[in-house]
Amino acid sequence: MNDLENENVWQFPCILPIKIMGPARKSLLPLSIEIIQKHIPGFLGENIRSTESRTGKYLSLTIHVEFENKAQVDALFAELAHHQQHGDDISFVI
């Protein structure tokens, strides 16, 4: 088991930055907020930084999210990964 899997090293509540990247479409931001709101009740979509690629083809969102427990972290990243694999709006999640 590595340190990130060991729940004892996490201190909750905590604010973690999430980076979501995808094609520069109007749907990336609302989709990202919708997914986060499913797992983080009360998330309002604040503290989001949006950066367009040099060519304007891609968009990067940096979103600071406050988590109450590790189960929220795991569930959110699992759903984002699902959209990354099965959709065309999210290309990469960190």
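Helices (H or I, at least four residues) and strands (E, at least two) are DSSP runs, numbered from the N terminus. The model is a predicted one, in which local features need pLDDT of at least 70 and side-chain atom pairs count only at pLDDT 80 or more, while totals for chains, interfaces and linings use all residues. Residues are numbered from 1 along each chain as its sequence is written, and side-chain values use heavy atoms, with hydrogens and water left out.

The chain holds 2 helices and 4 strands, and from the N terminus on its elements follow the order β-α-β-β-α-β. The radius of gyration (taken over C-alpha atoms) is 14 Å, close to the 12 Å that the globule rule (2.2 Å times the number of residues to the power 0.38) gives for 94 residues, so the chain is as compact as a globular protein of that length.

The strands form an open sheet with the order 2-3-1-4 and antiparallel pairing, where two strands pair if DSSP finds at least two bridges between them. Its edges are strand 2 (48-52) and strand 4 (92-93), each of which pairs on one side only. Strand 2 is joined to strand 3 (residues 58-67) over 5 bridges in the antiparallel sense, and R49 stands opposite T62 of strand 3. Strand 3 also pairs with strand 1, antiparallel and over 10 bridges; here L61 is the bridge partner of I20. Strand 1 and strand 4 run antiparallel and are joined by 2 bridges, with I20 opposite V93 in strand 4.

The helices can now be placed against this sheet. Helix 1 (residues 28-39) lies across strand 1 (14-23), strand 2 and strand 3, and runs at about 20° to strand 3. Helix 2 (residues 70-86) packs on the sheet and touches strand 1, strand 3 and strand 4, its direction making about 0° with that of strand 1. Contact means heavy atoms within 4.5 Å; axes are lines fitted to C-alpha atoms, for helices over the stretch in contact, and angles run from 0 to 180 degrees between N-to-C directions.

A pocket is an open set of points on a 1 Å grid over the protein atoms alone, where a 1.4 Å probe fits, with protein on both sides within 12 Å along at least five of seven lines; lining residues have an atom within 4 Å of a point. The largest pocket contains about 190 Å³ of space, a volume being the space filled by probe spheres set on the points. Its lining includes I15, F43, H64, V65 and E66, and strand 3 gives the most to this lining, with 3 residues.
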